[in-house]
Amino acid sequence: AYQKLAFYDLRGTNSVDVSFGSALLGGDFPDPEFEFYLRLAYKRHVTEHLALSLSFNRYNLAFNEVYNQAFMSFDFNLEYFMTPFNGVSPFVFAGYGYNADSGFETTGPKVQGGLGVEFMVVEKVGIKLFGEYNYVFSKETSPIINNENSINFLRLGLGVNLYFGGEKAKAKLQEQVETVIKTNTIE
């Protein structure tokens, strides 16, 4: 019970996440370039170790100084925190998403997975570093016509998690903790 209380002291059951970083096109494209990446997300912890997240991602993919296209994706991930009771916690995640160019002219389903580490700066505020591999299942989202049936890219980010919620769960846990007052009742 004490370990679970540490989780609620550091984090909460919900968080909002804002991240910035860079996206890099994979595959056989000549001279891929690092481009802009922005992520806005909501995360809900279902246990101390497991969380579900829903995110909106805006990024550009570019190569060879001749192609630079804006994309967006809506991603749903399952996240696993290895040490959620500590101030530093590595995490892994994987999920399903939907990718589209900025005009929704080309779209396609995708999967993604990644890893990172979160550093709790103060209670309820964490800084995270992460990397993510994305695989899109549609050649329609490919920036040039080629023989590939899909496209892949990396996204690297630095973000802030702002945690909230969990007060009821914390109060319930505190009621279960044995104290001297609870064990020495006056009769």
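Contact here means heavy atoms within 4.5 Å. With that in hand, I started my notes.

**Entry 1: ground rules.** I am working with a predicted model, where local features need pLDDT of at least 70, side-chain atom pairs count only at pLDDT 80 or more, and totals for chains, interfaces and linings use all residues. Residues are numbered from 1 along each chain as its sequence is written, and side-chain values use heavy atoms, with hydrogens and water left out.

**Entry 2: the whole chain.** I looked up the contacts with a separation of 6 or more, and residues 24 or more positions apart account for 58% of them. The chain has 3 helices and 9 strands; these are DSSP runs numbered from the N terminus, with helices being H or I of at least four residues and strands E of at least two. I read their order along the sequence as α-β-β-β-β-β-β-β-β-β-α-α. Of the 187 residues, 44% are buried (under 20% relative accessible area; exposed is over 50% and partly exposed is in between, with a 1.4 Å probe and protein chains only). I noted an accessible surface of about 9,900 Å², with 63% belonging to carbon and sulfur atoms. Areas come from the Shrake-Rupley method with a 1.4 Å probe, and for residues only the protein chains shown count as cover.

**Entry 3: the neighbours of β4.** I count two strands as paired if DSSP finds at least two bridges between them. Strand β3, residues 35–45, pairs with β4 in the antiparallel sense over 9 bridges, and His45 has Ala51 as its bridge partner. The hairpin from β3 to β4 runs through 4 residues. On to β5, residues 67–81: this strand is antiparallel to β4 over 14 bridges, with Arg58 opposite Met72.

**Entry 4: two positive phi values.** Most residues other than glycine have a negative phi, so I checked the exceptions. Asn64 sits in the loop between β4 and β5, a hairpin with 3 residues between its strands. Its phi is positive, about 50°, and Asn64 is partly exposed at 33% relative accessible area. Lys124 is in the loop between β7 (107–122) and β8. I found its phi near 75°, and Lys124 is partly exposed too, at 22%.

**Entry 5: the core.** A nonpolar core is a set of buried Ala, Val, Leu, Ile, Met, Phe, Trp, Tyr and Cys residues joined through side-chain atoms within 4.5 Å. The largest one here has 20 residues, and Leu25, Tyr59, Leu61 and Ile151 touch the most other members. Two or more residues each come from β1 (14–25), β4, β5, β6 (88–101), β8 (125–136) and β9 (151–164). I see that β4 gives the largest share, 4 residues. Leaving out residues up to four places away in sequence, Tyr59 touches residues including Ala23, Phe36, Phe71, Asn99 and Phe153.

**Entry 6: Ile127.** Beyond residues up to four places away in sequence, its contacts include Val117, Phe119, Leu158 and Val160. The C-alpha atoms of Ile127 and Ser19 are separated by 9.4 Å, although the two are 108 residues apart along the chain.
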